[in-house]
There are 2 protein chains.
Amino acid sequence: MLLKDKHLTLTRKITFMKKPTIKDVAKLAGVSFKTVSRVVNQEQNVSEEVKLRVQECIKQLNYQPNHTARVMRKSPFSLAFVYDNPNSHYVIEMQNGIISECRKQGFELVIHPTDSRSEEVGKELAAMINSSQIGGIILTPPLSENRELVTFLLNRDAKVVRILSGASAPDNLAPVVHVDDVEAGHKLTSYLLELGHKHLAFLGYHASHESSLGRLQGFKDAHEEVGARVDKNLIVDGEFTFESGMAMTKQVLSMSPRPTAIFACNDEIAAGAVFMARLKELRVPEDISIVGFENSPFSTQTWPHLTTVNQPNFEIAAAAAAMVIKMMQSKDVHSVDSSGFTLDVVLRDSASKPQNDK
Amino acid sequence: MLLKDKHLTLTRKITFMKKPTIKDVAKLAGVSFKTVSRVVNQEQNVSEEVKLRVQECIKQLNYQPNHTARVMRKSPFSLAFVYDNPNSHYVIEMQNGIISECRKQGFELVIHPTDSRSEEVGKELAAMINSSQIGGIILTPPLSENRELVTFLLNRDAKVVRILSGASAPDNLAPVVHVDDVEAGHKLTSYLLELGHKHLAFLGYHASHESSLGRLQGFKDAHEEVGARVDKNLIVDGEFTFESGMAMTKQVLSMSPRPTAIFACNDEIAAGAVFMARLKELRVPEDISIVGFENSPFSTQTWPHLTTVNQPNFEIAAAAAAMVIKMMQSKDVHSVDSSGFTLDVVLRDSASKPQNDK
DNA sequence: CTTTTTGTTGTCAACGTTGTCAATAATAAA
DNA sequence: TTTATTATTGACAACGTTGACAACAAAAAG
């Protein structure tokens with residue numbers, strides 16, 4: 001019994017063993033701990049021989065630099081993702097994109113959901129930067145559109161990357177990852193026009209929502225390009241929700257001439273539109289074509305699957321993360337350029353040629 | 001011009017001013033920095049007078065303890081949320097619940113999406129604990145069901161809280177937040193039976209999915225309670241997706257007698273069921289009642305809105321977070337009890353009395 | 001052969017905090 | 001009043017790491 005206990009204690013000791021530090025590695029390799037630090041940080045001026053030996057010891061001890069100590073001594077190794085977005089799927093994809101980049105580069109992500117309408121958002125973020133030693137921040141709309149906030153953060157010495165979409169020209173406050181909603185709206189509309197649709201409805205216009213403005217701009221541009229007329233009555237104001245999609249669709253279906261195609265500003269609206277069309281005994285796409293935007297799960301959680309525009313959120317976020325990290329690493333802040341993403345149409349089954357085509 | 005430049009530099013200096021440290025506060029208050037530390041940590045034995053003065057200075061300088069330094073010196077102040085769940089909405093709600101608790105208590109959250117099927121998941125988590133100085137971990141299904149993994153983590157000296165649902169009896173490995181799927185499935189089924197339905201279909205059984213097992217158990221229990229018979233053919237195996245929901249519904253609708261009510265194992269299946277019912281020219285709920293589970297956004301993104309079971313993910317997550325934090329703070333690990341959540345039915349419009357009731 | 005340059009390695013302080021323990025002041029007990 | 005006790009405060013080391021700089025060895029230049 002006593003023996004067994006002893007054995008247990010021993011095993012415990014082994015499994016509970018302290019995490020190895022840089023000094024443990026140094027002792028094992030027979031060098032000063034500073035040399036190990038050099039190897040770990042891939043600094044110059046370490047002889048090949050020593051480097052190999054140290055790397056061997058690192059592997060052997062399964063040593064991992066202590067993030068915390070590193071951050072304290074050196075520059076921050078964490079970045080924050082700040083968002084205020086009701087769309088879970090969007091947020092998760094962004095998070096995953098950022099995390100994938102962070103893992104590659106040994107950085108850490110702090111997520112910070114917030115309320116963009118709050119007066120306190122600036123203070124709140126400042127506090128977060130402060131206490132969590134955040135070096136960089138990724139902002140999504142609508143926070144990224146808030147110039148005042150961006151300036152405030154820049155003044156706190158944080159690197160900021162803004163993810164922006166929509167029509168408004170980007171300023172030079174901070175690097176931007178721009179999502180070209182205008183062009184995407186243009187492409188998608190052109191597709192519908194080329195199918196032969198003459199009366200397109202645009203659902204989900206929202207004056208304060210940059211993305212919707214961009215998409216609408218593209219919608220108009222595409223019409224203009226082929227000399228088609230945009231019917232102002234078919235541009236409907238509404239929320240980005242299923243319910244609103246149903247309501248807006250009900251409204252446009254009662255108009256005459258009835259539109260043969262619906263450009264929904266996002267997939268959720270489109271899903272609502274599909275549902276309402278069905279309630280009105282219209283077949284999709286035979287009687288009415290409906291397209292969405294975002295390529296969110298909604299687009300395949302309705303029937304038929306939605307033709308939509310793919311928004312590569314993962315990649316966008318990863319790009320933003322790569323930018324912040326680059327900014328954090330180089331002293332020269334303004335060496336980082338903004339980047340842009342163009343979006344592609346995903347053809348599925350909710351749009352086709354109008355049936356009673358003349 | 002020169003003067004203006006000078007002024008600019010000055011303003012900059014002010015805005016860029018270094019974050020105040022505990023020593024700055026100490027100097028201002030005329031005490032040693034250790035005393036400030038005591039005030040910050042609400043330790044005993046600080047005279048009321050000094051305490052007030054220090055607090056005043058803290059406010060004045062807008063001092064915030066440096067999380068990083070704290071973690072390094074003391075115990076960890078971060079916890080990790082580890083998940084492998086395709087359901088964005090679920091993950092976001094959980095995250096928000098945990099964050100709300102973390103903010104209250106000054107802790108930090110590290111999110112860690114992972115692949116539960118990977119062989120490396122243990123190693124991966126160990127590395128994370130190590131480098132990020134994680135003190136506690138919250139696991140969700142299916143990771144939380146993996147006893148081996150839990151043991152492994154416990155051996156790494158991490159506090160673990162598991163969120164579990166389903167029918168299987170919890171073990172005593174680590175504290176658990178248990179979600180009572182069985183009882184909820186029972187309640188929801190009883191509701192349908194009380195409405196007068198005789199033929200209920202159960203969609204989304206999945207042998208390896210604890211939640212579905214629990215819900216099915218409740219489904220059976222409720223039948224047994226009132227002496228009703230469960231038709232085995234109406235228990236359909238399938239994924240938790242819209243598409244699978246459509247397919248399973250198609251299958252049960254072709255059976256005879258046709259079920260008058262469908263118990264879908266989650267809202268997504270239910271949404272697919274509603275859609276299929278509609279395709280088959282059945283009205284919901286007049287011709288067929290359909291209920292979901294989870295109260296996810298899907299439940300209101302279909303028409304009619306789904307009667308479902310509310311799963312308070314935010315609260316569940318917050319409870320789990322509170323537990324881990326408590327465990328991290330007290331040395332006495334096993335003072336923390338497990339806790340359980342019961343779920344409530346949300347009555348909406350997708351279920352009613354069967355119409356051709358005898 | 002000496003001097004300079006270059007490359008490699010080590011020593012030490014510092015980051016901002018908390019734990020330990022000693023020093024002092026205030027209070028209670030003798 | 002003196003002593004013992006307690007409450008308050010401070011000095012200092014430590015956590016694991018990196019930056020600055022010094023020390024040394026080797027190679028190049030004179």
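Visitor: In which helix of chain A does A:His223 lie?
Guide: A:His223 belongs to helix α10 of chain A, which covers residues 210-225. Keep in mind that this is a predicted model.

Visitor: Why does A:His223 count as buried?
Guide: The cut-off for buried is under 20% relative accessible area. A:His223 has 2%, so it counts as buried. Leaving out residues up to four places away in sequence, A:His223 touches A:Thr189, A:Leu193, A:Leu200, A:Ala228, A:Arg229 and A:Val230.

Visitor: And what makes A:Leu192 buried?
Guide: Its relative accessibility is 0%, and buried means under 20%, so A:Leu192 is buried as well. A:Leu192 sits in helix α9, residues 181-195 of chain A. Beyond four places away in sequence, it touches A:His197, A:Leu200, A:Ala261, A:Val291 and A:Ala351.

Visitor: How far apart are A:Leu192 and A:Val346 in sequence and in space?
Guide: They are separated by 154 residues in sequence and by 13 Å in space, C-alpha to C-alpha.

Visitor: How do you know that chain A is more spread out than a compact globule?
Guide: Let's start with the make-up: chain A has 13 helices and twelve strands. Its radius of gyration is 27 Å, whereas the globule rule gives 21 Å for 358 residues; 27 Å is well over that, so chain A is more spread out than a compact globule. Along the principal axes, the C-alpha atoms fill a box of roughly 85 × 55 × 40 Å.

Visitor: What share of the residues of chain A counts as buried?
Guide: Of its 358 residues, 51% count as buried. As for contacts in chain A with a separation of 6 or more, 70% come from residues 24 or more positions apart. The accessible surface of chain A is about 17400 Å², with 51% of it belonging to carbon and sulfur atoms.

Visitor: Over to the DNA. Which residues come nearest to DNA strand D?
Guide: Of the 27 residues around DNA strand D, the nearest are A:Ile22, A:Ser37, A:Tyr63, B:Thr35 and B:Arg38. By class, that surface has eleven nonpolar, eight polar and eight charged residues. Sugar or phosphate accounts for 58% of the atoms of DNA strand D within 4 Å of the protein, and bases for the rest.

Visitor: What makes the pair between B:Thr35 and DNA strand D a polar contact?
Guide: A polar contact needs N or O atoms within 3.5 Å. A side-chain N or O atom of B:Thr35 is 2.5 Å from a phosphate oxygen of DNA strand D, so the pair qualifies. A:Arg70 has a polar side-chain atom 3.2 Å from a phosphate oxygen of DNA strand D, while B:Arg73 places one 2.7 Å from a base nitrogen.

Visitor: How many residues surround DNA strand C?
Guide: There are 28, and the closest are A:Thr35, A:Arg38, B:Ile22, B:Ser37 and B:Tyr63. They divide into eleven nonpolar, nine polar and eight charged. B:Ile22 uses a backbone N or O atom, 2.5 Å from a phosphate oxygen of DNA strand C. The side chain of B:Arg70 has a polar atom 3.1 Å from a phosphate oxygen of DNA strand C, and that of A:Arg73 has one 2.7 Å from a base nitrogen.

Visitor: Why is B:Ser100 called partly exposed?
Guide: Partly exposed lies between the 20% limit for buried and the 50% limit for exposed. B:Ser100 has 24%, so it falls in that range. B:Ser100 is in helix α6 of chain B, residues 88-105, and a polar atom of its side chain lies 3.2 Å from the backbone oxygen of B:Gly97.

Visitor: How do you know that the bond from A:Trp303 to A:Pro304 is cis?
Guide: Its omega is near 0 degrees. A:Pro304 lies in the loop between β9 (289-291) and β10 (308-310) of chain A. In chain B, a cis peptide bond joins B:Ser256 and B:Pro257, with omega about 5 degrees.

Note on methods. Residues are numbered from 1 along each chain as its sequence is written. Chains are lettered from A and ligands numbered from 1 in the order in which they are written. This is a predicted model: local features need pLDDT of at least 70, side-chain atom pairs count only at pLDDT 80 or more; totals for chains, interfaces and linings use all residues. Side-chain values use heavy atoms; hydrogens and water are left out. A residue is near a molecule or strand if one of its heavy atoms lies within 4 Å of it. A polar contact is a pair of N or O atoms within 3.5 Å; within protein, one must be able to donate a hydrogen and the other to accept it, and residues adjacent in sequence count only if both atoms are side-chain atoms. Ala, Val, Leu, Ile, Met, Phe, Trp, Tyr, Cys and Pro count as nonpolar, Asp, Glu, Lys and Arg as charged, and the others, Gly among them, as polar. Helices (H or I, at least four residues) and strands (E, at least two) are DSSP runs, numbered from the N terminus. Buried means under 20% relative accessible area, exposed over 50%, partly exposed in between (1.4 Å probe, protein chains only). Contact means heavy atoms within 4.5 Å. The radius of gyration is taken over C-alpha atoms; the globule rule is 2.2 Å times the number of residues to the power 0.38. Accessible areas come from the Shrake-Rupley method with a 1.4 Å probe; for residues, only the protein chains shown count as cover.
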